[in-house]
Amino acid sequence: MKKIVLTMVATMALTFTFAETKSNSMDSRFDMSCNMHRLSIALDLDEEQVEAVEAIQNNFSDEMQSLATLRGPWLRHGIHQAVRNDAQQMKRVLNDKQFSTYMRLLTLTLRNRNL
């Protein structure tokens with residue numbers, strides 16, 4: 001009897017661990033948080049820009065996390081809107097060269113995450 005109970009507990013633990021890992025990997029695609037120090041170096045940001053970009057990036061990351069539950073055309077539309085809003089806000093803060101570099105990085109990130 002003791003072996004049966006232990007086997008059931010082990011099976012349930014493995015099942016829950018697998019389900020948790022799978023849901024976390026689905027959400028990780030939509031996690032757009034980044035290392036602000038590395039981004040500020042890549043974009044050559046000054047102190048004022050770093051604060052503004054960090055606030056915009058946090059907002060964008062929250063927006064993308066909220067899209068993780070959508071599917072099909074609603075997902076595509078939501079991603080398009082989030083990227084468009086992010087680009088408009090970044091355009092106000094960054095100069096043309098910085099904005100071009102940022103959009104290249106964002107496009108590569110979205111492509112690498114199959115979004």
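The accessible surface of the protein, computed here on a predicted model, comes to about 8,400 Å², and 58% of that surface belongs to carbon and sulfur atoms. Of the 115 residues in the protein, 29% are buried.

Turning from the surface to the fold, the secondary structure consists of 5 helices and 0 strands, so that, read from the N terminus on, the order of elements is α-α-α-α-α.

One pair of helices can be followed in detail. Two packed helices are described by the angle between their axes and by the distance between those axes. Helix H4, which spans residues 72-93, packs with helix H5, which spans residues 96-112, at an angle of about 160°, and the two axes are 10 Å apart. Because angles over 145 degrees count as roughly antiparallel, this value makes H4 roughly antiparallel to H5. The crossing in which H4 passes H5 is right-handed.

The residues that make this contact can be located on both helices: H4 contributes Val83, Asp86, Ala87, Met90 and Lys91, while H5 contributes Asp96, Phe99, Tyr102, Met103, Leu106 and Leu110. Sorted by class, the contact of H4 with H5 holds 8 nonpolar residues and 3 charged residues, with no polar residues; the charged class includes Asp86 and Lys91 of H4 as well as Asp96 of H5.

Technical notes: Residues numbered from 1 in each chain as written. Predicted model: local features only at pLDDT ≥ 70, side-chain atom pairs only at ≥ 80, totals over all residues. Heavy atoms only, no water. Axes fitted to C-alpha atoms, helices over the stretch in contact; angles between N-to-C directions. Helix = DSSP H or I, 4+ residues; strand = E, 2+ residues; numbered from the N terminus. Parallel < 35°, antiparallel > 145°, perpendicular 65-115°, else oblique. Left-handed = near helix turned anticlockwise from the far one by under 90°. Contact = heavy atoms within 4.5 Å. Buried < 20%, exposed > 50% of the residue type's maximum accessible area, 1.4 Å probe, protein only. Areas by Shrake-Rupley, 256 points an atom, 1.4 Å probe, with all protein chains shown as cover.
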